[in-house]
There are 2 protein chains.
Amino acid sequence: MASAEKLSDIGEFGLIGRLEAIFSGPPTPKNVVGIGDDAAVIPLNESWDLVITTDCMLSGEHFRFDFTPPHALGQKALATNLSDIAAMGAEPLYALLTLGCPPEAWVEDVLAVARGMQETADGFDVSVIGGDTIRSPSGMLVSVTVVGRIEKGRALLRSGARPGDAVFATGTIGDSAIGLKLLTGPDSGKGAADTASIEYLKRRHLLPEPRLEEGRLLSSEALATAAIDVSDGLLADLGHICERSGVGAVVWSESIPVSNEARTIAQGSGFDLHSLVLSGGEDYELVFCCKPDCVARLHERWVKTPLAPIAQIGEIVEGSGLRIEGLPEGTERKLGRGFDHFAGP
Amino acid sequence: MASAEKLSDIGEFGLIGRLEAIFSGPPTPKNVVGIGDDAAVIPLNESWDLVITTDCMLSGEHFRFDFTPPHALGQKALATNLSDIAAMGAEPLYALLTLGCPPEAWVEDVLAVARGMQETADGFDVSVIGGDTIRSPSGMLVSVTVVGRIEKGRALLRSGARPGDAVFATGTIGDSAIGLKLLTGPDSGKGAADTASIEYLKRRHLLPEPRLEEGRLLSSEALATAAIDVSDGLLADLGHICERSGVGAVVWSESIPVSNEARTIAQGSGFDLHSLVLSGGEDYELVFCCKPDCVARLHERWVKTPLAPIAQIGEIVEGSGLRIEGLPEGTERKLGRGFDHFAGP
């Protein structure tokens, strides 16, 4: 019986689908991209579109203060939103911050969140221009909205992938999930501990770098047919592209860029590297698709600019769903479908 | 010692002041209105400015499901944001919804929130174009961001009031606070219960009407020097105008428009009407200032359009702070300074 369903029954993506049906009604103008992409796109003027995205973090759910310094939280809260702007190929301009705190929170901690956010805003020439402050007795809430702009019609949507497109990823994948295990688990000091690697991986979780310049190059030179940022997990996010584009994808697991730090620490700590790389999430790297006849130009343009490296990790195919090649026997069964906020990992 | 302060020590407005100092740094362009008004204002193109506002509601803090139907919650969550847009004199265009829910929430309740929001969006030609869904184990969280536009330079700021300006309010003040008492208290059936009045007042709390047309008339015809919506309480909100404008105000308590329903029920239930009218909050009426030589034109323009009635409730004076005239002996001492989310009412 539909009326007896709980959110945990339909999951986050089930809910999003139903919300989309409710909100896709008549007032939405034709040239607007609404729910279902990294950011919404609305017309600004003859030359530019506006992009707008929002992302909310709750203590205990998305971060824990026992391993997240307030300053880093402020940086990350903005960076994850900037990552959505990057996935659209857009340029960020303005941010709003909604801050919910228990009344007994220390003022210095709250201001450290704000200072962290302002530091990241400074780094990307973003102005924090408003927001809301509320009482949140059960813990801190940090919700950020970012407004950016992009040349008219150039936004990198999830829906543009076509069979034959090459699938690329920026940077390295899996660092953040391993970093989180090191931050939370009993494994942080285990084995022949390589302190520098451990610190690197923790930092990759706490302080993700939005790939804004990479996204700008992809959109301004029309090098990508579709893009997304890796927040839920590589497979889940590439799956979003496939679903929105009506295509499938083959992922070459051996080609996914993994850092030496991740390999070393995963091996030393007995982590399941494949699973963390494919389903871990929160890497905030870009995954994008490139037409076969654009791949040469992509590599050519890429080497001219000091950007995060890119690697081809598979290709788009007809059909639907993901096929993963090159996995060790038995690994596939253990892979989750990425993070679902209502159903859990 | 500054480092040992808690939020409850400095209050919501103390926090906002410190956040403003952190976020008012260099990247903010000159022609942008940032933190400290009902909405931020940013340049859109040669003819229009963009306004953007965000408002977050938590269950247990801003609403309670025992007397707030989920559909009404969705309507109110958008309406309160539209009220901020109205207070700028702007036209709303787009909304984003961040919805946080416990996994055990009923899908039908969550979708009812969305349907309520869409119903209000339909009524004001607003498109819901995006948002975020998160797990919120301690209760529901509804955060809305609204983007609108206004003719360049015409936004009604809090900072424009000047000594001599007449202070006006739309509609009636205090209904919402009395409605809330009826919804929560043991008084709802008390005395010679006038069912229609009780229902009217409850409705005024649950389903506020954003004064968008009123705000548009004020801005498009340059009839107001400053405006705000009554969310924290009449005195608190007029106080925000005074603070931002560097002026004081005299409020004529006998001139504040109060509904017959509010008078009747307050009398019958022994509520302190003066206190609820002056400090109750959540009326979402507009309070605005009008130059003395514009008052005749204001009344003339107002009668031509079917809008919420307006009444002059006082005037702006040199200096700072509010002086309330016409209060019964002893009432003034009981007045709070409006709602402060960290310090309580």
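**Sheet and cavities**

In chain B, Ala166(B) has Glu315(B) as its bridge partner in E10(B). Keep in mind that this is a predicted model. The two strands involved are E6, residues 166–170, and E10, residues 310–317, both of chain B, and they pair antiparallel over five bridges.

Helix H10 of chain B, residues 295–303, packs on the sheet and touches E6, E9 and E10 of chain B. The direction of H10 makes about 20° with that of E6(B).

Now the sheet as a whole. It is open, with six strands of chain B in the order E7-E9-E6-E10-E8-E11, and the pairing is mixed. Strands E7 (226–229) and E11 (321–325) of chain B are at the edges with a single partner strand each, so one side of each has no neighbour in the sheet. On average, neighbouring strands are turned by 25° against each other, direction ignored.

Helix H7 of chain B, residues 234–245, lies across E6, E7, E8, E9, E10 and E11 of chain B, at about 150° to E7(B).

On to the cavities. How many are there of 30 Å³ or more? The count is two.

The largest cavity holds about 50 Å³. Its lining includes Met57(B), His62(B), Phe63(B) and Lys76(B), and by class it has five nonpolar, three polar and one charged residues. Helices H2 (70–87) and H5 (195–206) of chain B each supply at least two lining residues.

The second largest cavity is about 40 Å³. Among its lining residues are Thr54(A), Thr98(A), Thr54(B) and Thr98(B). That lining has three nonpolar, eight polar and no charged residues.

Key:
Residues are numbered from 1 along each chain as its sequence is written. Chains are lettered from A and ligands numbered from 1 in the order in which they are written. This is a predicted model: local features need pLDDT of at least 70, side-chain atom pairs count only at pLDDT 80 or more; totals for chains, interfaces and linings use all residues. Side-chain values use heavy atoms; hydrogens and water are left out. Two strands pair if DSSP finds at least two bridges between them. Helices (H or I, at least four residues) and strands (E, at least two) are DSSP runs, numbered from the N terminus. Axes are lines fitted to C-alpha atoms, for helices over the stretch in contact, and angles run from 0 to 180 degrees between N-to-C directions. Contact means heavy atoms within 4.5 Å. On a 1 Å grid over the protein atoms alone, a cavity is a set of points where a 1.4 Å probe fits but cannot get out, and a pocket is an open set with protein on both sides within 12 Å along at least five of seven lines; lining residues have an atom within 4 Å of a point. Grid points are joined across faces, edges and corners, and a volume is the space filled by probe spheres set on the points. Ala, Val, Leu, Ile, Met, Phe, Trp, Tyr, Cys and Pro count as nonpolar, Asp, Glu, Lys and Arg as charged, and the others, Gly among them, as polar.
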